[in-house]
Amino acid sequence: MATQITAGTSELRDITKMERIGAHSHVRGLGLDDRLEPRENSQGMVGQGKARKAAGMILRMVQEGRIAGRAILFAGPPSTGKTAIALGMAQTLGQDVPFTMIAASEVFSLSMSKTEALTQAIRRSIGVRIREETEIIEGEVVEIQIDRSLTGATKTGKLTIKTTDMETIYDLGTKMIDALSKEKVLAGDVIIIDKTSGKVSKLGRSFTRSRDYDAMGADTKFVQCPEGEIQKRKEVVHTVSLHEIDVINSRTQGFLALFAGDTGEIKPELREQINTKVAEWREEGKAEIIPGVLFIDEVHMLDIECFSFLNRALENELSPLVIMASNRGMSRIRGTNVRSPHGLPVDLLDRVLIVSTRPYSEEEIQQIIQIRCEEEDVTLTSDSLNVLTSMASSTTLRYALNLISCAQMISRKRKAEQVSVEDLRRAYTYFMDEKRSVQWLKEQQGSLVFEEISVSTTAENGDAAMKDAMET
Ligand SMILES: Nc1ncnc2c1ncn2[C@@H]1O[C@H](COP(=O)(O)OP(=O)(O)OP(=O)(O)O)[C@@H](O)[C@H]1O
Ligand SMILES: [Mg+2]
């Protein structure tokens, strides 16, 4: 069984990564210079210099591959940029180093045990860089001839391909014909066909054909007709995560499960075999381990079992750098009656380096608002920028950022280019912030449903006791 383990890389190469758009889409990095000093306003980041610098130092260590099995905690009040900094780190890491982001509550909502969900997240954050030799066919297409059967159901054909030294004819089946037509391959194109996966990629048009057509797009790329043999061996390097290797080799799932995200539980024996296999590949020089980063947002939502699991997992040799974020002060550790700083048990806190984030100054808030306006393509008058800034100071930064697009809607209705103070005022009356909502609730006392339960520490403790009782 162990010998059958594959990295399944030919299938994986096609999976494209999705870019997130939303609250943090303006963040393009940490905004540090080469000496890791934070620039005042760069890559979408403003202020929070110390935390950004700390994040940069950690990244440097990750990139050098020296740090594994360490943990960092970003602690600070809500909307002080903890998530934003973590995303900035992800952007800086680059394509090859895996960065996994989960919210702690996800661990409970998946159809698998908590520890399995954490294990999967951890293994997703460890990359394996694999060197593979593949056979390719490379040359200039001389002719493609396709014969359709009468019903049109089956297709056969012939592909004539050449290099400067030789010319060969290949028989084509339906799958190859589809792949070629998907890439719109024509005679005169220089192409590469991966023999194992059948993937076709177009390098460009051959120089010899540059005078054939008058009407050719300006972006047509011309390349030389390749030399030498048509069939070649080529070394390719790609990175997959340990989790992807797990899923591909778990017999019930197969790689399609990666698209569905529905991977189910993976047997520990399989993981062990994979670890052994990867260790073998490392010794043979075929593979290299790239420890990445696992970011657990809202980490106080994990419970005591998850924390003790993390404690142990951090000591494992194949462990990523774990970054956590929490906006809690002294609070109850989920699953216990114990209160602890940031809602994390002290033994875990002892192992982490803590980076604190602090509330923003008015000037910094103004800059963040400006950045968001550029991102959302909204123009504020200078007055309304000042008003929105003071709104942010009296409510919250998040509320102010949310108002930007609402106010724009209102200004558009009166066909204005810029958002005026009046637009902001109206948005402010349409949407309440937390403080006003609490005030409103007080005024409405008694007329809403289910109001009786008072939130107090005793209730919280009772809640925990009840949960424990239900679990046993
Ligand atoms: N230094 C910064 N530069 C630019 N934008 C920022 C900065 N800090 C925060 N923001 C933006 O402000 C908003 C709130 O920040 P963020 O979500 O990172 O807060 P948080 O610390 O994670 O809060 P919570 O504890 O509530 O999760 C986001 O849209 C974020 O992109
Ligand atoms: Mg956050």
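Tutor: The model is predicted. A polar backbone atom of Thr80 lies 3.2 Å from an oxygen atom of ligand 1, and for Gly81 the corresponding distance from a polar backbone atom to a ligand oxygen is 3.1 Å. A side chain also takes part: an N or O atom in the side chain of His24 is 2.9 Å from an oxygen atom of ligand 1. On its own, ligand 1 would expose 630 Å², of which the protein buries 96%. The site of ligand 1 is the second largest pocket. Three elements each supply two or more residues to the shell around the ligand: strand β2 (45–46), helix α3 (82–93) and helix α14 (397–413).

In total, 20 residues surround ligand 1, and the closest of these are Val46, Lys82, Thr83, Tyr360 and Arg398. Sorted by class, the shell holds 9 nonpolar, 8 polar and 3 charged residues.

As for the domains, ligand 1 lies between domain 1 (9–125 + 292–356) and domain 3 (362–431), because both of them give residues to the shell around it.

How values were computed
Residues are numbered from 1 along each chain as its sequence is written. Chains are lettered from A and ligands numbered from 1 in the order in which they are written. This is a predicted model: local features need pLDDT of at least 70, side-chain atom pairs count only at pLDDT 80 or more; totals for chains, interfaces and linings use all residues. Side-chain values use heavy atoms; hydrogens and water are left out. A residue is near a molecule or strand if one of its heavy atoms lies within 4 Å of it. A polar contact is a pair of N or O atoms within 3.5 Å; within protein, one must be able to donate a hydrogen and the other to accept it, and residues adjacent in sequence count only if both atoms are side-chain atoms. Accessible areas come from the Shrake-Rupley method with a 1.4 Å probe; for residues, only the protein chains shown count as cover. On a 1 Å grid over the protein atoms alone, a cavity is a set of points where a 1.4 Å probe fits but cannot get out, and a pocket is an open set with protein on both sides within 12 Å along at least five of seven lines; lining residues have an atom within 4 Å of a point. A molecule sits in a cavity or pocket if more than half of its atoms lie within 2 Å of its grid points. Helices (H or I, at least four residues) and strands (E, at least two) are DSSP runs, numbered from the N terminus. Ala, Val, Leu, Ile, Met, Phe, Trp, Tyr, Cys and Pro count as nonpolar, Asp, Glu, Lys and Arg as charged, and the others, Gly among them, as polar. Domain bounds come from an automatic or database domain assignment.
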